[in-house]
Amino acid sequence: MNKKLFLAALGIILSAPAAAGDWSDEDTKWQAAYLALHIADWGQTRDAAAHPGQYIELNPILGESPSQKRVDGYFATTAILHTAIAYALPRD
């Protein structure tokens, strides 16, 4: 996907009207479960990045052989964005 198109889509999504409801205990549990899986994926991807040529990354945003710095930036950003978007979404 074209980077400009991706950023435009992201901007539209983030600027859409939304009203955050009360963040419930159930919401916290779902987010914690997501983050646990996200962190596990992060660790596996960091390990693959530490062994270039042995593994191929299939995420088109990261590329086939990303650096650990790129992996860290991607996973930190997506963890923060996921949490922010989940919090901002209306409960209905």
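A search of the whole structure finds one salt bridge, meaning a side-chain nitrogen of Lys or Arg within 4 Å of a carboxyl oxygen of Asp or Glu. The model is predicted, so local features need pLDDT of at least 70 and side-chain atom pairs count only at pLDDT 80 or more, while totals for chains, interfaces and linings use all residues. Residues are numbered from 1 along each chain as its sequence is written, and side-chain values use heavy atoms, with hydrogens and water left out.

**Salt bridge**

- The partners are D72 and R46, whose closest N and O atoms are 2.7 Å apart.
- This pair links distant parts of the chain, with D72 in helix α3 (residues 68–88) and R46 in helix α2 (residues 25–49), 26 residues apart; helices are DSSP runs (H or I, at least four residues), numbered from the N terminus.
- D72 is partly exposed at 26% relative accessibility, where buried means under 20% relative accessible area, exposed over 50% and partly exposed in between (1.4 Å probe, protein chains only).
- R46 is likewise partly exposed, at 30%.

**Aromatic pairs**

- The structure holds three aromatic pairs, defined as rings of Phe, Tyr and Trp (its six-membered ring) with centres within 6.5 Å; planes under 30 degrees apart count as stacked, over 60 as edge-to-face and the rest as tilted.
- One of them joins W23 and Y87, with ring centres 5.5 Å apart and planes at 40 degrees, so this pair is tilted.
- W23 lies in the loop between α1 (3–15) and α2, and Y87 in helix α3, so the pair ties together parts that are 64 residues apart in sequence.
- W23 is partly exposed at 30%, and Y87 is partly exposed at 46%.
- The rings of W42 and F75 have centres 5.9 Å apart and planes at 15 degrees, and the pair is therefore stacked.
- W42 in helix α2 and F75 in helix α3 are 33 residues apart.
- F75 is buried, at 3% relative accessible area, whereas W42 is partly exposed at 21%.
- Ring pairs also link W42, Y74 and F75 into a cluster.

**Packing of α2 and α3**

- The two helices pack at an angle of about 170 degrees, with axes 9 Å apart; axes are lines fitted to C-alpha atoms over the stretch in contact, and angles run from 0 to 180 degrees between N-to-C directions.
- α2 is therefore roughly antiparallel to α3, a term for angles over 145 degrees.
- The contact (heavy atoms within 4.5 Å) includes W42 and R46 of α2 and D72 and F75 of α3.

Notes
Angles under 35 degrees count as roughly parallel, over 145 as roughly antiparallel, 65 to 115 as roughly perpendicular and the rest as oblique.
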